[in-house]
Amino acid sequence: MEILIISGLSGGGKSKAASFLEDVGFYIVDNMPAGMILKFAEFCAAGSGRYSRVALVYDVRTADTFDEFLEVLSTLRQREYDCKLLFLEADVGSIINRYKETRRMHPLQEQSGSLEGAVNREIAMMAPVRAQADIVINSTTYSTARLRGELLRLFGGSHRAGEMQVSLVSFGFKHGLPLEADLVFDVRFMPNPFYIDSMRDKTGLDREVRDYVFSFRETEQFLEKLRELLGFVLPLYREEGKTVLVAAIGCTGGHHRSVAVTHALAEYVASLGYQVTENHRDMTRN
């Protein structure tokens, strides 16, 4: 059984982390007292696999000291659980700004007299917990998407950001743009096989049509530049935490040029190691 304990500073990103981890199959429990964690772990382990991945959020709201929690953490690590402690933090200025934006009160603010005092007090209180962390993420410069991507990389299993899926869609402009497209490329500048009688009723998946489309220098040059562009941007989208990227290639009707280019592009993207789906939206439409 996998037990992930999410801890860290208030405003460091724990709630967002819990939400992202829930999306990839973790059962989330927020604010569980240390004295209940061992019993809960035993209950989950005795189940039929329903609670095989559990994430517990534990922070300064739960206790004034963390001695009991650290003892529980030590016990979990000694047992046959895959137990990890994730600690999320950010610099003082960032946490203060986040609280100002949300207009929420820090859990220690009443006792500390000021927001800055509360943040500094929490840093000191949480130091022993941070020292035991398996993974520390400083979210100061992280966008929401980047935090999600990092958590998917660390804990996502089959959802990992490194396995970003690229969906390539051919379409016809006369039928409208694919609404889900992140990137759109127009190949209507290429010579159109539609005007050749022997190819009019065929598609870009037929060799005769593909050979015709790629017999022109501009087609090869375009594909070369498109490969270069995707080779550059795909790792950046993956690093930002995107799990699905939709690129659409359009011609007039969606039968010939866009289909041939999409098919060739799918082979290239697959060669880069990405999961690729190829969809020809309008290929069978009139």
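**Briefing: sheet, helices and cores**

Val-166 has Val-276, in S9, as its bridge partner. The model is predicted. Strand S6, residues 165–172, pairs with S9 in the parallel sense. That pairing runs over 6 bridges.

**Sheet**
- The sheet is open and has 4 strands.
- Its strand order is S7-S8-S6-S9, with parallel pairing.
- Strands S7 (183–186) and S9 (275–280) are the edges, and each pairs on one side only.
- From one strand to the next, the twist averages 20 degrees.

**Helices on the sheet**
- Helix H9 (residues 217–239) packs on the sheet and touches S6, S7 and strand S8 (244–251).
- The direction of H9 makes about 175 degrees with that of S7.
- Helix H10 (residues 257–271) lies across S6, S8 and S9.
- H10 runs at about 170 degrees to S6.

**Largest nonpolar core**
- This core has 37 residues.
- Ile-5, Ile-37, Tyr-58, Phe-69 and Leu-76 have the most contacts inside it.
- Elements giving two or more residues to it include strand S1 (2–8), helix H2 (34–45), helix H3 (67–78) and strand S4 (82–89).
- H6 supplies the largest share, 6 residues.
- Leaving aside neighbours within four places in sequence, Ile-5 is in contact with Leu-56, Tyr-58, Phe-69, Leu-73, Leu-76, Lys-84, Leu-85 and Leu-86.

**Second core**
- A separate core has 28 residues.
- Among them are Leu-168, Phe-214, Leu-223 and Cys-251.

How values were computed: Residues numbered from 1 in each chain as written. Predicted model: local features only at pLDDT ≥ 70, side-chain atom pairs only at ≥ 80, totals over all residues. Heavy atoms only, no water. Pairing = 2+ DSSP bridges. Axes fitted to C-alpha atoms, helices over the stretch in contact; angles between N-to-C directions. Contact = heavy atoms within 4.5 Å. Core = buried A, V, L, I, M, F, W, Y, C linked by side-chain atoms within 4.5 Å. Buried < 20%, exposed > 50% of the residue type's maximum accessible area, 1.4 Å probe, protein only.
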